[in-house]
Amino acid sequence: MAATRAIAIVTNSTCSSFLSNHIHKPFLLPRTTFSINNLRLSSSSSSKTRTSSYTCRAIYNPQLLVKEDGQPETLDYRVFFHDQSGKKVSPWHDIPLQLGDGVFNFIVEIPKESSAKMEVATDEPFTPIKQDTKKGKLRFYPYNIHWNYGLLPQTWEDPSSANSEVDGAFGDNDPVDVVEIGETRRKIGDVLKIKPLAALAMIDEGELDWKIVAISLDDPKASLVNDIDDVEKHFPGTLTAIRDWFRDYKIPDGKPANKFGLGNQAADKDYALKVIKETNESWNKLIKRSIPAGELSLA
């Protein structure tokens, strides 16, 4: 069974790089405004194929088609992204990072209150979302994650670069992770407009694995939270809960707890923006092949 969803993204810029005019197979999108209240759902189904599409009253160009190939929780399951012509595109490389005014795109890999460990396949052409494996078996968290989890497109944590502010840890060779704290449970492959609020410097087996805490702009509390202090006020205990969840999730498998840099505390919004800027610069170097890609797919 395969399912296809149409989602729209919009940007105020034709380039997502902070400092460079380099554009990697960009989406050239019109300057317009997206309203979640104008979203309408239509769906149809049959015994062989289930198709769900989201369309907006305003017309956006291009739309992204999110197509699920295979059955969930199987080794063959993939979530591919297509442009309107049907051509496959990479959620990591082709979806713009910035939307302007401090707003960024966020791609959902793992919906909140689920446990299948989904991730962008950085070593496969067009980097589809798949379920992670270990020794040929599908991976699951030992318990549900309580927030929407995914990646910032066009970012990369460089494994050849040591971060002097975080115990000299090297990047984990992946896009930057996002923990979205809004109330709505999203779907795999959803592209959300978010604003960063804080950052956690997780160190996983010696590798730096940033967690950007953010909120989707369509969340009812989005207008109330703009920095780390607002998170503590309107989502009390959430930053500690996120840190503790990621610290402890490997313990049931007999592994040690993960560590955190920056004094074991979350950093504020400005620091989160600094992390995004630096990892976007690293991604640009990767795409320009200024840094060896190794097994990473740049398609």
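1. A term to start with: the expected span of a helix is 1.5 Å times one less than its number of residues. Helices here (H or I, at least four residues) and strands (E, at least two) are DSSP runs, numbered from the N terminus. Take helix H3, residues 269–287: its 19 residues should span 27 Å at 1.5 Å a residue, and its end C-alpha atoms are 27 Å apart, so the two agree.

2. A word on where this comes from: the model is predicted, with local features needing pLDDT of at least 70, side-chain atom pairs counting only at pLDDT 80 or more, and totals for chains, interfaces and linings using all residues. Residues are numbered from 1 along each chain as its sequence is written, and side-chain values use heavy atoms, with hydrogens and water left out.

3. Now the whole chain. You'll find three helices and 21 strands in it. Of its 299 residues, 51% count as buried, where buried means under 20% relative accessible area, exposed over 50%, and partly exposed in between (1.4 Å probe, protein chains only). Contact means heavy atoms within 4.5 Å. Among the contacts in the chain with a separation of 6 or more, 68% come from residues 24 or more positions apart.

4. Back to H3. Its buried residues include Lys269, Tyr271, Trp283 and Ile287, and the buried residues of H3 pack against E8, E19 and E20. At the start of H3, a side-chain oxygen of aspartate 268 comes to within 3.3 Å of the backbone nitrogen of aspartate 270. That is a polar contact (a pair of N or O atoms within 3.5 Å; within protein, one must be able to donate a hydrogen and the other to accept it, and residues adjacent in sequence count only if both atoms are side-chain atoms).

5. Next, look for some backbone angles. Most residues other than glycine have a negative phi. Just after H3, though, arginine 289 takes a positive phi of about 65°. Aspartate 101 has a positive phi near 60°; it sits in the loop between strand E7 (98–100) and E8 and is exposed, at 77% relative accessible area. Leucine 262 also has a positive phi, about 55°. Leucine 262 lies in the loop between strand E21 (259–260) and H3 and counts as partly exposed, at 26% relative accessibility.

6. Serine 297, in the segment after H3, is buried at 10% relative accessible area. A polar atom of its side chain lies 3.3 Å from the backbone nitrogen of alanine 299. Threonine 238 lies in helix H2 (residues 238–248) and is buried at 13%. Leaving out residues up to four places away in sequence, threonine 238 touches Trp147 and Ile181.
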